[in-house]
Amino acid sequence: PRLGDETLDQLPDTVARPSYDRSTLTPGIVHLGVGGFHRAHEAMYLDRLMEDGRDHDWAVVGVGTMPGDVRMRDALKGQDCLYTLVIKHPDGTLEPRVIGCLVDYLFAPDDPEAVLAAMVDPRVRVVSLTITEGGYHVNQVTGRFDPGDTALQADLDSPGTPRSAFGFVTEALRRRRAAGAEPFTVMSCDNLPGNGDVARDMIGAFAALQDDRSPGGEPLAPWLAEHVAFPNSMVDRITPVTSQEDITALAEQFGVEDAWPVVCEPFTQWVLEDHFPTGRPAFEEAGAQVVEDVVPYELMKLRLLNASHQALCYLGYLSGYRYVHEVCQDPLFVDFLLGYMEHEGAPTLPEVPGVDLDAYRRELIDRFANPEVRDTLARLCAESSDRIPKWLVPVIRHNLEHGGRIDSSALVVASWARYAEGVDEQGQPIEVVDRFKDTVMAAAARQREEPLAFLQDESFFGDLRHDERFTTAYLGFLRSLHDKGARATLEDHVNG
Ligand code: NAD
């Protein structure tokens, strides 16, 4: 039978499900952007707490503001807002649990007033977001708020009938202020460093533009800056898009008919800044870390996890691999990645309270080696000009300044330069995906004659091309990549 409150009892014992009484839950959170990640992460933590008998006043009302969210409405409303979270273990085992903390789902275009009513409800104390990086409307060049989006424009003209996520947040806050109710806390769970700060700055800038359009009204932006909390968080759990095979496997192996289950890796991490003046669920009781300062954890993720992705993707691709798990099951690459993390990435980090960095880097390799996740090297190689400068260049600079090691990092930069030539070691074309593709490929095309050409662009590399320790290592690796190829270069480096 289709998943639902009435059929929960009929599920086989192999499927975990809520033992708490969902009919007694009351809403405490409105979540904008109910996709795969929210359902595998925040909702999972809440469901754990509820299963433990706590926080039954923190149930979630989900909201979708995008036209495509009509699919989520139909899936969830057809099954009492229940869905199955399926953990994919590396040995192929599936571990399903029905999650019960979502009590309603509102598709905003159907009824914007219903969404506002939910957000103005004084029982709601947190509005959380997974609206993707694009949902924050940060101009990539200036770093400032970009109001060009059509839904934002509509919300500048008529703030009382919002269409965008930001429009709902500002209008709901305006109505709460008018009603004398406390504001809610805005909790971003998107993958952006300083996600709370970004949310505060961008929503603040949007509110200021709305204020400008209605000069008679009581301005919201200054009030928002003073009264609304935007805690930062670091989130981590690989959650791929649900496939038809996932839906079929759940039905065939477990007898669960779920229109839209969500699948994810076993690992999960959530480090959350403790800044909730209007209260919060006891997330720390469900495995999250609630801390004073998220910055060290973000640096850990950027310089170990994200930089390792770059360390493996170009060399892996040039060595003939196409999937992350293939690379991370190869002992040569494992040695290289563990070495980068131990000797170059980790020494640049401040103290990361409560984390065993040695265990963290080994766990990263296990996660990357999970064949069930099927992450592609092509995905990791894309948009390198955003990634290398943010994730790896700061590691190199730190180590140059402090006399630390830079060899593995120099090899990674050289491997990007080699990859950007757009031809692999068999002479086949590589499809370089990068918004600065033209600049990057033109520089790589010159480097056989002019070996430092790739490092010329200061917006990516600063003045690295003038540091002799770096360029000596870099040029040696680039020459070896050209003469011997990626695998032999890596062997020399790891074993040399
Ligand atoms: P998804 O495609 O399943 O869901 C995306 C959701 O965002 C949808 O509900 C969509 O309507 C909404 N959305 C997109 N653009 C929006 C906009 N402009 N305004 C309002 N809502 C908008 O994707 P997902 O896997 O749930 O990932 C969402 C975000 O979660 C990511 O962008 C990332 O920031 C974060 N995250 C994802 C993962 C992962 O592995 N999937 C891991 C860590 C963090």
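**View 1. R17 sits in the segment before strand 1 (27-32).** Helices (H or I, at least four residues) and strands (E, at least two) are DSSP runs, numbered from the N terminus. This is a predicted model: local features need pLDDT of at least 70, side-chain atom pairs count only at pLDDT 80 or more, and totals for chains, interfaces and linings use all residues. Residues are numbered from 1 along each chain as its sequence is written, and side-chain values use heavy atoms, with hydrogens and water left out. Neighbours within four places in sequence aside, R17 is in contact with L8, D9, L11, P12, E51, R97 and V98. Contact means heavy atoms within 4.5 Å. The R17 side chain reaches the backbone oxygen of L11 at 3.3 Å. R17 and G100 are 83 residues apart in sequence, yet their C-alpha atoms are 7.7 Å apart in space.

**View 2. R73 and D110 form a salt bridge.** The N to O distance is 2.6 Å. A salt bridge is a side-chain nitrogen of Lys or Arg within 4 Å of a carboxyl oxygen of Asp or Glu. R73 belongs to helix 3 (residues 70-77) and D110 to the loop between strand 5 (102-107) and helix 4 (112-120), so the pair ties together parts that are 37 residues apart in sequence. The whole structure holds 34 salt bridges.

**View 3. D236 and R367 form a salt bridge.** Their closest N and O atoms are 2.9 Å apart. Between domain 1 and domain 2 the count is two salt bridges.

**View 4. W416 and F454 make an edge-to-face aromatic pair.** The search of the whole structure finds 16 aromatic pairs. Rings of Phe, Tyr and Trp (its six-membered ring) pair if their centres lie within 6.5 Å; planes under 30 degrees apart count as stacked, over 60 as edge-to-face and the rest as tilted. The W416 and F454 ring centres are 4.9 Å apart and the planes are at 90°, so the pair is edge-to-face. W416 lies in helix 16 (residues 407-419) and F454 in the loop between helix 17 (437-446) and helix 18 (458-461), so the pair ties together parts that are 38 residues apart in sequence.

Conventions:
Polar contact = N/O pair within 3.5 Å; in protein donor to acceptor, adjacent residues only side chain to side chain.
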